[in-house]
Amino acid sequence: MIKIEIEQKHVIMERHSVDSSMAITVGYETLTSTLEIEFRSGEVWQYHHVPENVYDEMISGSIGKYFQAHIKGQYSESRVT
């Protein structure tokens with residue numbers, strides 16, 4: 001048996017610019033299923049245990065509407081900045 005431990009407070013990831021009135025950049029880390037969003041307010045938040053298909057659906061349409069309907073309040077979150 002191989003045991004892998006990931007001890008972290010926040011996952012560091014690459015984010016990509018998006019065309020959104022809510023967000024400036026978004027990123028996704030497949031190893032930890034972590035979604036990271038840099039909001040227009042300047043705050044950066046991570047959402048944990050987000051399935052990759054949820055991320056894919058969010059970036060394929062209106063990021064703000066999808067975030068409000070399917071992510072906010074549905075996943076554990078932590079503020080990065």
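A residue is called buried here when its relative accessible area is under 20%, and exposed when that area is over 50%. By this criterion, buried residues account for 40% of the 81 residues in the chain. The structure is a predicted model, with an average pLDDT of 88 over the chain and a score of at least 70 for 86% of the residues. Residues 1-7 have a pLDDT below 50, and beyond near neighbours in sequence this stretch makes two contacts in the model.

The chain contains two helices and five strands. Read from the N terminus, the elements follow the order β-β-β-β-α-α-β. Of the contacts between residues at least 6 apart in sequence, 40% link residues that are at least 24 apart.

The interior may be considered next. In soluble globular proteins, nonpolar side chains tend to be buried together. In this model the largest nonpolar core has 18 residues, and the members that touch the most others are Leu35, Ile37, Tyr47, Met58 and Ile71. At least two core residues come from each of strand 2 (23-29), strand 3 (34-39), strand 4 (44-47), helix 1 (52-59) and helix 2 (63-71). Helix 2 makes the greatest contribution to this core, with four residues.

Tyr47 illustrates how parts of the chain that are separated in sequence meet. Leaving aside residues up to four places away in sequence, Tyr47 touches Ser33, Thr34, Leu35, Ile37 and Phe39, and also Phe67, Ile71, Tyr75, Ser76 and Glu77. Two of these partners, Leu35 and Ile37, are named with Tyr47 and Ile71 among the core members that touch the most others.

Just beyond the end of helix 2, Gly73 adopts a positive phi of about 80 degrees.

How values were computed
Residues numbered from 1 in each chain as written. Heavy atoms only, no water. pLDDT = per-residue confidence, 0-100. Contact = heavy atoms within 4.5 Å. Core = buried A, V, L, I, M, F, W, Y, C linked by side-chain atoms within 4.5 Å. Buried < 20%, exposed > 50% of the residue type's maximum accessible area, 1.4 Å probe, protein only.
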